[in-house]
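This briefing goes through one protein model by topic: selected residues, cores, a helix pair and backbone angles. Please read it alongside the sequence and the coordinates.

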Amino acid sequence: MIKSNLAVLMAERDLRIVDVWKKTGISKVTLYGLYHNNTGGVQWETLDKLCAFLNVDPGQLLVYCNFAFSLEPIGNNIRSHVQYNARQATGLIRYDVADPLRVTVHAPASVATLVQNVPMLFRNDFDQRLDEVIRRMQHWPDDHEFVRVSDTYPDD
């Protein structure tokens, strides 16, 4: 999985998207996508301009992590498979809805531990996807906000 580190680099330099747009001529749409890691790719010319402007090399702008996961609803549970570097874990994630604003997640210890070791930039993808799956299973709208409390239980 490859992610853009543009948001971090801009924050370190106290820059806004509009600042980078004015100085580089890169479209605001492209910058927004890279900033929020919501893009399918990046043109070499764009990468070159950003590296020159921020005075970084491509390895500082684009970050690679050998992290993959899948989350699949199975009845009232979610089957998870997580792979990080050479390690992997599989298990069922249970969740309880105390009320529409509070959800407690019970993940197998092996899955939870592996996900906790993943760099935050990539871990957020797992957390967001898990929230999406729970929303869909509960038939909540996409904008339904809730607090997720994560617990673990021993692997069987």
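K3 is buried, at 8% relative accessibility; buried means under 20% relative accessible area, exposed over 50% and partly exposed in between, using a 1.4 Å probe and protein chains only. The model is predicted, so local features need pLDDT of at least 70 and side-chain atom pairs count only at pLDDT 80 or more, while totals for chains, interfaces and linings use all residues. Residues are numbered from 1 along each chain as its sequence is written, and side-chain values use heavy atoms, with hydrogens and water left out.

- K3 belongs to strand β1 (residues 2-4); helices (H or I, at least four residues) and strands (E, at least two) are DSSP runs, numbered from the N terminus.
- The side chain of K3 makes a polar contact with the side chain of D125, at 2.6 Å. A polar contact is a pair of N or O atoms within 3.5 Å; within protein, one must be able to donate a hydrogen and the other to accept it, and residues adjacent in sequence count only if both atoms are side-chain atoms.
- Not counting residues up to four places away in sequence, K3 touches N37, L61, L62, V63, L121, F122 and D125, where contact means heavy atoms within 4.5 Å.
- L62 lies in strand β2 (residues 62-64) and is partly exposed, at 26% relative accessibility.
- Leaving aside neighbours within four places in sequence, L62 is in contact with I2, K3, S4, V42 and L47.
- L62 and S4 are 58 residues apart along the chain, and their C-alpha atoms are separated by 4.7 Å.

**Nonpolar cores**

- The largest nonpolar core has 25 residues, of which F67, I78, I93, F126, L130 and I134 touch the most other members. A nonpolar core is a set of buried Ala, Val, Leu, Ile, Met, Phe, Trp, Tyr and Cys residues joined through side-chain atoms within 4.5 Å.
- At least two residues of this core come from each of β3 (67-74), β4 (77-84), β5 (87-99), β6 (102-108), α6 (109-117) and α7 (120-138).
- Helix α7 supplies the largest share of this core, 6 residues.
- A second, separate core has 14 residues, including L9, M10, V20 and L54.
- In soluble globular proteins, nonpolar side chains tend to be buried together.
- L130 is in contact with L71, I78, I93, V105 and R148, leaving aside neighbours within four places in sequence.

**D131 in α7**

- D131 is found in helix α7 and is buried, with a relative accessible area of 17%.
- The side chains of D131 and R148 make a polar contact at 2.6 Å.
- Beyond residues up to four places away in sequence, D131 touches F146 and R148.

**Packing of α2 and α4**

- Two packed helices are described by the angle between their axes and the distance between the axes.
- Helix α2 (residues 17-24) packs with helix α4 (residues 44-54) at an angle of about 105 degrees, and their axes are 11 Å apart. Axes are lines fitted to C-alpha atoms, for helices over the stretch in contact, and angles run from 0 to 180 degrees between N-to-C directions.
- This makes α2 roughly perpendicular to α4; angles under 35 degrees count as roughly parallel, over 145 as roughly antiparallel, 65 to 115 as roughly perpendicular and the rest as oblique.
- V20, K23 and T24 of α2 and K49, L50 and F53 of α4 make the contact.
- By class, this contact has 3 nonpolar, 1 polar and 2 charged residues. Ala, Val, Leu, Ile, Met, Phe, Trp, Tyr, Cys and Pro count as nonpolar, Asp, Glu, Lys and Arg as charged, and the others, Gly among them, as polar.

**T24 in α2**

- T24 is found in helix α2 and is buried, with a relative accessible area of 14%.
- T24 touches K49 and F53, not counting residues up to four places away in sequence.
- The side chain of T24 reaches the backbone oxygen of V20 at 2.7 Å, and a polar atom of this side chain lies 3.2 Å from the backbone nitrogen of I26.
- The C-alpha atoms of T24 and T46 are separated by 8.9 Å, with the two residues 22 apart along the chain.

**Positive phi angles**

- N85, which is not a glycine, has a positive phi of about 55 degrees.
- N85 is in the loop between β4 and β5 and is partly exposed, with a relative accessible area of 41%.
- H139, a residue other than glycine, has a positive phi near 60 degrees.
- H139 is in the loop between α7 and β7 (147-153) and is exposed, with a relative accessible area of 71%.
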